[in-house]
Structures are given as structure tokens and as C-alpha cells.
2 protein chains.
Amino acid sequence: MAGRAAVPEVIWARPERTGRGPKPAFTRADIAAAAVRIADERGLDAVSMRHVAAELGCGTMSLYSYVPRKEDLYELMIDAVGAEHELFEPTGDWRADMLRNAEETRAIMRRHTWVPRLMAGVHGFGPHTLRYLEHCLACLEPLDVPAGTKTELIALLNGVVTTYTANDIATVERTRSMPWSVEEENAVRMAYLGSQVATGAYPRLAAAFTEQSGPVDLEAVFRRALERVMDAFDPEPR
Amino acid sequence: MAGRAAVPEVIWARPERTGRGPKPAFTRADIAAAAVRIADERGLDAVSMRHVAAELGCGTMSLYSYVPRKEDLYELMIDAVGAEHELFEPTGDWRADMLRNAEETRAIMRRHTWVPRLMAGVHGFGPHTLRYLEHCLACLEPLDVPAGTKTELIALLNGVVTTYTANDIATVERTRSMPWSVEEENAVRMAYLGSQVATGAYPRLAAAFTEQSGPVDLEAVFRRALERVMDAFDPEPR
DNA sequence: GCGCACTACGTACGCTGTACGTAACTAGGA
DNA sequence: TCCTAGTTACGTACAGCGTACGTAGTGCGC
């Protein structure tokens, strides 16, 4: 028996195998992949220990020899999708490189709509996450500011990506278990917003609401936000 | 009987009372307050329909006459803490005003550590949230950019606040149900990070790690990030 | 004053995470 | 070489969850 620890534990610190006993049937990567597959196909709420075990073809409780708590499964999942980052050779143009990284993060989140929801609760730094951070620092090599400032920039960019993409995606993930479509839900919410704004209680909001004609180009807004953040860090602006 | 809707519904669009039948024993505000109280004292995971009902002194299923789904309870909670925003008179200095708004949001999240976790999944715009947005727009009156850009700025600032504060807070909220303290968990995580960095696999990360001597002043980092974002939107910088 | 729309809420179901106990297995020490 | 201690595998069981459904009681509008 594993013996649940009464002391904090980082899953990445515990070795994947310990030698004695029967050969483990799966690797951590197998488990993470199974969980990711379920989350992608059936939504994050379908990621239960039972379902993951079934996907792997083992008993539910067997999972607990690999993953002490469900929260750790979440950490595995986050790190697993982190592996999808392409660690390209830095070009020397840090702004272009970081833009590319951000776009890639956004693409990953679009592929795995549950990522933003998990990011709010998961704090871990798995190997792939660390590799990605290292890659970002490599891209920022040409930028002449202290390392601490670079870390801040990375954090800020990631924050912006998460925030913006999460807003795009939230409805997708939520409506997965609902008997109506994303479009229907959005329509209802917009109708409600319109009705509220029409009461006259929020004049400035109303102005902003009516000023904007036609649909917003979310992609453009997103890119603009990134550019602005990078502007703020650029010692030799534009 | 209420009859669960098979169509999307915004809780704020449904009227609080309908006239016929026995007088409702509570208001939405009562319910939100009870849920917030539980979340503050016992953590977000303790916010179950049963516990909220018990806190109010009614049967579990009675809640469903007020709140069709649990997710709507979350919307009520988010909007309830939104009421804690002080809607001060704009000073004419939009940067100072927005900084104040951001600091206040941060303070609210510190008081209610579960807020960031909920924000990741909740998308609603309750009355207090709308009021706060209107207030932000009022603060941004002196800023000479299109309304759409102002909205982008507000979203970006809120995103930064959420991201930064969530990182501070995540451990607090998580360790609530754990048999160890925040400090213990952080120590373990830092030790793990240090050990990873020491392997030499992440040279740039290692440099950044060792360069920074002494603890980071999170408050300063936070304020700096806000200033930078505002710089990016300021037509007449610094 | 009757009826109906509404609230209140007990019961029940299927699901969750996971504590615990047992059986099978294998690497290291004698 | 065999033994045994440390592991893995996993069935069972339990407390707790969201909520569908049915029933009982209430009070406004006709």
C-alpha cells in the first residue's frame, strides 16, 4: 500500500517507479493522455477517476498507485498539453517569438477548452511547463532587461492569453453538458445584456454597446493586447 | 413546480418574485450572502446546496425555487462580492482611478479567496458587475480613445488582477481542506523547483532563479504590471 | 370562495472521491 | 536459491454531491 502522505507532496518529485513489486502497467504519460482524451471528448466534468481508469482498462483504485490525489491528475493534464508547445529556434526578434508563443498557447487552449478552468486551481510546474518557460527565456535573450523583468513579462503575457482565451471558450466548455448550443446560450446572454443596457441605468455602457457596430474581431483585439503589453516592456519601442 | 427549462436562461433575467403562492422566505441576496459566508469560512468546496440550505434554515430542495442550477448560485456569489466595490467619484486622473479600482478588486479577492476559481467558469453579468463596469467607464472618461478600446483596457486590467492575485491565493484556497499549512506547501514546492533547476536542465531559469536574491515583493510586481498595461493604452505616456 | 400557480421540501438515484483491506507479484538479502 | 518485505492491483464500502420527481400547503386573481 502506498500510504497517503499527511505532508504536502509535489507529484513531480515522486519517482515514477520504485523497483520492488509488479511492473506498473502504465506510465504517468499514459494516464495524462487518457485524462486529456476524456476531457477533450466529453468535457472536464467527465474526467473522474472511474472514467480515466476505464479508459485505461484498469480498476479505479489502481490509479491511486500512480496519482495520490485527483488534483495531481489535473497537474498531469496541464503538463501534458504543455508538451504541445513547439520549442522553435529563437529568431532574434523577441517580440515576434513571444507573439508566436502566445498564439500557440491560444491554439492549445482552443484545442483543449478545459485548460483555462484548470489553470485557476493548478499551480504546479511540471517538466514540460519548465521547458516552456526556459524556451520563453531563450526567446527573450535579445531583450535587455533584468531576468526578473523577463519573468514578469512572461507571466503577464500568459495571463493575458489565459484571460482572453478563457472568455472565448467558457461557453463552449459549459454548454457541453447542456441540452442547448453555444450559439443559443450566447444569444440569450446578449439579449439579456441588451435589455439591461436599454433600461438606461448604464449610460456609458449603453454608449459602448451601441457604438460598436458589427461583430468584434476577437483575434485582432487579442493581438492588440499582446502588442500593448510588449510595448510596455520594450526599451526601444516600435 | 418551477419546471426546469430546456433552454438557456440567465438567472438575472428571471424576476425575483412572481406574485402567486406563498411568500418566498428569502431574497436572492440572502442566498448569495449565505453562500459567500460558507465559502469564506469553510472554502468553496463546502458550498453545496445542502450546506447553503442549512445555513438559511430551509430544506435543500427549496433552494431550487430560487436558483435553477448550482452554477447560477455561483453567479449570485460573484455578483454579491462585486457589490463590495466602492463606486467613488472619478477624480479626472484615469490612471489613478483605475489603479484604485484594481487594488480594490485585489483586496476583494484576498477577502474571498474563492473568487478567482469561480471567475474561470462564470461568465455572467449581474447588476453589481454591470454597475462596476459603468463605474470603470466613468473613470475612463478623460481618456481620449474609442469606447471599444476602453472596454479592452478594462478587460485587460481585470485579467491582470485576476491572474496575479489568483497565483497568490491558489495555495490558500487549496490547503483549506488539507492537513498542512500554506507555508509548508509553498516550502515543498519551492524545494522541488530548486531541485529541478539544480539539475542544469534549465540554465536560463536557473540564472533567473539565483539572480533574484531575497523574496519577491509581489505587491510591487503587481503594481508595475498594472502601470505597464496602462502605459500601453496611454496616448500621452508618462 | 374557488382554483391554480407557486413555494416548500422529503425521498431517491446515480454519481463522485477515496479509505481500507486483500491478493498477487517481484527485487534484494540470507 | 528461497524468503520476505515493499509494491502494485483492485473490489468493496461510505459519505457526500447535484438534482429529478412527487406531494403538500399557501395565497393571489378571477
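Me: Which side chain meets that of A:E152 in a salt bridge?

Reply: Welcome! This is a predicted model, where local features need pLDDT of at least 70 and side-chain atom pairs pLDDT 80 or more, while totals for chains, interfaces and linings use all residues; side-chain values use heavy atoms, without hydrogens and water. Residues are numbered from 1 along each chain as its sequence is written, with chains lettered from A and ligands numbered from 1 in the order in which they are written. A salt bridge is a side-chain nitrogen of Lys or Arg within 4 Å of a carboxyl oxygen of Asp or Glu, and at 3.3 Å, N to O, the partner of A:E152 is B:R228.

Me: How many salt bridges are there between chain B and chain A?

Reply: The pair A:E152 and B:R228 forms a salt bridge. For chain B and chain A, the count is 10.

Me: Which element gives the most residues to the side of chain B that touches chain A?

Reply: Elements that give two or more residues include α3 (70-82), α7 (147-174) and α10 (218-233) of chain B; helices are DSSP runs (H or I, at least four residues), numbered from the N terminus. With 14 residues, the top contributor is α7(B).

Me: How many disulfides does the structure hold?

Reply: A disulfide is a pair of cysteine sulfur atoms within 2.5 Å. Over all chains, the number of disulfides is zero.
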